[in-house]
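I wanted to read this structure one topic at a time, and these are my notes on what I looked up.

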Amino acid sequence: MTRVYLALGSNLAEPLNQVQAALRALDRLPHTQRSATSSFYRTPPYGPPDQPDFLNAVVALDTTLTPLALLEHTQHIEQQQGRERKAERWGPRTLDLDLLLFGNLQLNTPRLTLPHYDMHNRAFMLLPLIEIAPEITLPDGTKATELLARLDASTIRYW
């Protein structure tokens with residue numbers, strides 16, 4: 001089993017219901033078990049400011065799936081919950097599931113980058129990650145707490 005951390009986000013179509021439905025779907029994944037779930041956080045949008053706040057959380061999964069198989073499953077869950085992929089980045093969405101870390105794997109392919117390519121700039125990913133894994137270290141040896149200390153997390157509140 002590999003320990004995987006996955007970020008969840010939603011700011012459309014009743015975000016709390018979207019994230020709870022996503023958690024139920026993640027619990028049904030084959031060869032995968034959810035081992036921890038962070039608190040739910042209310043965060044301002046990352047990107048265009050003229051959209052609702054996001055509900056963000058992070059889960060820890062233990063899985064024997066490959067990174068690309070897990071990505072396929074998470075993208076299917078997003079689609080099932082009405083996610084539409086648009087050209088505009090960081091816009092509003094019903095559900096966003098991002099693989100943050102997949103064990104100590106470092107991967108850079110057209111479909112998937114691990115660790116997540118921009119998590120070091122996103123307090124809304126790091127704060128819930130540290131909540132469930134306080135000592136987590138990225139594959140390059142950087143502590144997530146060090147990354148979060150460099151960011152402004154003052155606008156993040158509990159949902």
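**Entry 1: a covered helix.** In this predicted model, I looked up what the buried residues of helix α3 pack against, and I found the strands β1 (2-10), β3 (41-43), β4 (54-63) and β5 (96-102), together with helix α4 (144-149). Helix α3 itself spans residues 123-132 and is mostly covered, since I count seven of its ten residues as buried. I noted the buried ones as A123, F124, M125, L126, P128, L129 and I130.

**Entry 2: a cis bond.** I then turned to the loop between β7 (113-114) and α3, where P115 is found. The peptide bond that leads from L114 to P115 is cis, and I wrote down its omega as near -10°.

**Entry 3: positive phi angles.** Which value does phi take at E14? I found it near 60°, which is positive although the residue is not glycine, and I placed E14 in the loop between β1 and α1 (15-27). Its relative accessibility is 55%, and because the cut-off for exposed is over 50%, E14 counts as exposed.

I looked up H31 next, whose phi is near 55°, again a positive value in a residue other than glycine. H31 sits in the loop between α1 and β2 (32-37), and with a relative accessibility of 56% I list H31 as exposed.

**Entry 4: salt bridges.** Before listing pairs, I reminded myself that side chains of opposite charge can pair when their charged atoms come close. How many salt bridges does the model hold? The count comes to five, and I followed up some of them here.

R34 forms a salt bridge with D27, and the closest N and O atoms of that pair are 2.5 Å apart.

E72 forms a salt bridge with R111, with the closest N and O atoms 2.6 Å apart. This pair links distant parts of the chain, as E72 belongs to helix α2 (residues 67-80) and R111 to the loop between β6 (107-108) and β7, 39 residues apart. E72 counts as partly exposed at 42%, and R111 is likewise partly exposed, with a relative accessible area of 43%.

Terms used:
Residues are numbered from 1 along each chain as its sequence is written. This is a predicted model: local features need pLDDT of at least 70, side-chain atom pairs count only at pLDDT 80 or more; totals for chains, interfaces and linings use all residues. Side-chain values use heavy atoms; hydrogens and water are left out. Buried means under 20% relative accessible area, exposed over 50%, partly exposed in between (1.4 Å probe, protein chains only). Helices (H or I, at least four residues) and strands (E, at least two) are DSSP runs, numbered from the N terminus. Contact means heavy atoms within 4.5 Å. A salt bridge is a side-chain nitrogen of Lys or Arg within 4 Å of a carboxyl oxygen of Asp or Glu.
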